[in-house]
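Me: Hi! Could you take a close look with me at one part of this model, the pairing of its strands? I'd like one connected account that I can follow on screen.

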Amino acid sequence: MPHETYLARWLDDDLDGTELNAFEASFHPGSPLLAQRQARREWRSTLAAAIPAAVELPYPEFFNHRLAKTIREFQDSPPPAHQPSPLPAPGFWRVWWMPVTALAGMGLAFWAGTQTASVTRGLPLANPPPPAVALHRPTVYIPEHGVDAEWFTSADADAAVIVLEGVEPIPDSLDFSESVGEITTDNLTAASENSEPLEVTQ
Amino acid sequence: MTRRAGLAVLAAALCGLPAHLASAAEDPGKTIVGEVTVTVYYASDGDAAAAGAKATAVAKAMEKRLRNTEKLRFKQYRLLGDDTQPLFRSYENWARPLKPSEEVLVKFEARNHPTPQATHIDLELWLSHKKILKTDVVLGGDHPLFVLGPEWRGGRLIIAVSLAGEKNVR
C-alpha cells in the first residue's frame with residue numbers, strides 16, 4: 001500500500017495493530033504529523049457537534065420533485081459520444097481536502113440560497129421577467145420517432161400553433177362522452193350563446 | 001486564509017443550518033401564480049356527430065379563431081372536454097381535459113414569475129401515456145397555444161392551452 005494511503009488512514013485513526021505500529025515507527029516522536037493528526041481529531045469533534053444526527057429537509061416534497069425531474073431529464077438526454085477516461089487515483093491532498101471542500105461548498109450554497117431575494121442594481125435576480133409573447137420562439141422537442149412538429153404563430157388567431165404529424169391515431173373505440181359531461185359551466189354557457197353555425201370558408 | 005480560520009468559517013455556517021430549517025414552515029413553491037386551462041376540440045371535415053352525442057358546440061369566437069389558421073381549418077368543431085388547474089410557483093402540475101380518460105394529458109410548470117402581460121411555462125403533451133411533445137410557450141393576454149394533435153374518428157384533436165380567464169379561448 002502506498003505511503004500516502006497509510007498516512008491518510010493514520011490521520012483518520014483508521015490504522016490499528018501491526019499496521020499502526022509499523023507506520024508510527026517510520027517517523028520520529030516530534031514529527032509535525034502528530035500535530036496534524038490532533039488537528040484532524042479536533043476537526044472531527046467540531047463537525048460532530050455542529051451537524052445534528054438527523055436533519056429534516058425544509059421542503060422534502062420540493063427536493064423530491066426536483067430530484068425526480070433531474071433524473072427524468074438525464075434519462076431524456078442523449079448518451080455522451082464517448083466514455084471519459086477513468087480518473088487517476090486520488091492523491092493524498094485530494095483525499096484530505098475533498099470532503100472538507102465539499103462540506104464548505106454545501107454550507108456556502110445553503111447560505112447563498114437564503115439570499116436569493118436580494119436585489120442587484122434594481123433587478124430582482126429571482127424573478128426575471130418572461131419574454132414578450134410575440135417575440136418568443138419556443139424550443140420544441142419530439143421524443144417519439146416518426147413524429148414531426150411544425151411551430152408557427154398565427155396572427156389571425158393571435159396564437160402560437162404547433163402541428164403534429166405522424167402521431168399514432170387514437171382508437172375510434174375510445175369514447176370521451178364522460179369527459180364532455182365535466183365541461184365547465186363557462187364553456188357550456190359560451191357554447192350555447194354562440195351555437196349558430198359559422199359559414200365555412202374552406 | 002489559514003486552515004484553522006477556514007474550519008471556523010465552515011463550522012459557523014453549519015451551525016446556522018438548524019435555525020434556517022426551523023424557520024421554513026411553509027413551502028413558497030406551492031404558491032399559486034396563475035391557472036392554466038387545457039381544452040380539447042374535435043375538428044373534422046366529416047360528420048361532427050362522430051364526436052358523440054354529448055359533444056357540445058364550440059363558441060363562435062373560438063371557431064372563428066381556428067378557421068383563421070389554415071392548418072386548423074375544418075368544417076366542424078366540437079368541444080370534447082377541458083380542465084383548469086393551478087399553476088404553482090415551483091411545482092409542475094397536470095391537466096386532464098378528457099377525464100376520466102388519461103388519453104390526453106398536459107404537464108406544465110412555470111418558468112418565470114408571471115406578469116400581467118406574459119406567463120412563460122414549460123409544457124409537455126402526453127398521448128396514450130407517451131410523451132409526444134415537450135416545449136416552452138409564452139401565454140399572455142388572449143394568446144393561447146393550439147396543438148393540432150392525433151387523428152380520431154375521421155377528424156383531428158386540437159389541444160388548446162391557455163391561461164384561465166382568457167375570454168375567447170374556450
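Reply: Happy to! Two strands are said to pair if DSSP finds at least two bridges between them. The strands themselves are DSSP runs (E, at least two residues), as are the helices (H or I, at least four residues), and both are numbered from the N terminus. Residues are numbered from 1 along each chain as its sequence is written, while chains are lettered from A and ligands numbered from 1 in the order in which they are written. This is a predicted model, in which local features need pLDDT of at least 70 and side-chain atom pairs count only at pLDDT 80 or more, whereas totals for chains, interfaces and linings use all residues.

Let's start with chain A as a whole. It has 7 helices and 5 strands, and along the sequence they come in the pattern α-α-α-α-α-β-β-β-β-β-α-α. A residue is called buried if 20 or more other C-beta atoms lie within 10 Å of its own, exposed if 12 or fewer, and partly exposed in between, with C-beta atoms placed from the backbone. By that count, 9% of the 202 residues of chain A are buried.

Strand β4 (residues 148-154) and β5(A) pair in the antiparallel sense over 7 bridges. Two places to look are Trp151(A), which stands opposite Ile162(A), and Phe152(A), whose bridge partner in β5(A) is Val161(A). The two strands form a hairpin with 4 residues between them, and Asp158(A) in the turn has a positive phi of about 50°.

Next comes the step across to chain B. Strand β5 (residues 159-165) of chain A is mostly covered, with 5 of its 7 residues buried. It is joined to strand β7 (residues 145-152) of chain B by 4 bridges, and these two run parallel. Val161(A) turns up again here, with Phe146(B) as its bridge partner in β7(B).

A helix of chain B also packs onto this sheet. In helix α3 (residues 60-67) of chain B, the buried residues are Met62(B), Glu63(B), Arg65(B), Leu66(B) and Arg67(B). They pack against β5 of chain A, together with β2 and β8 (155-163) of chain B.

His129(B) is not a glycine, yet its phi is positive, near 65°; it counts as exposed, with 8 C-beta neighbours inside 10 Å. Because 5 of its 7 residues are buried, β4(B) is largely enclosed by the rest of the structure. Then 3 bridges join β4(B) to β3(B), again antiparallel, and Asn93(B) has Phe108(B) as its bridge partner. The loop between β3 (93-95) and β4 (104-110) of chain B contains Pro100(B), which is joined to Lys99(B) by a cis peptide bond with omega of about 15°.

A last word on confidence: pLDDT is the predictor's confidence in each residue, from 0 to 100. For chain A its mean is 73, and 63% of the residues reach 70 or more.

Conventions: Contact = placed C-beta atoms within 7 Å.
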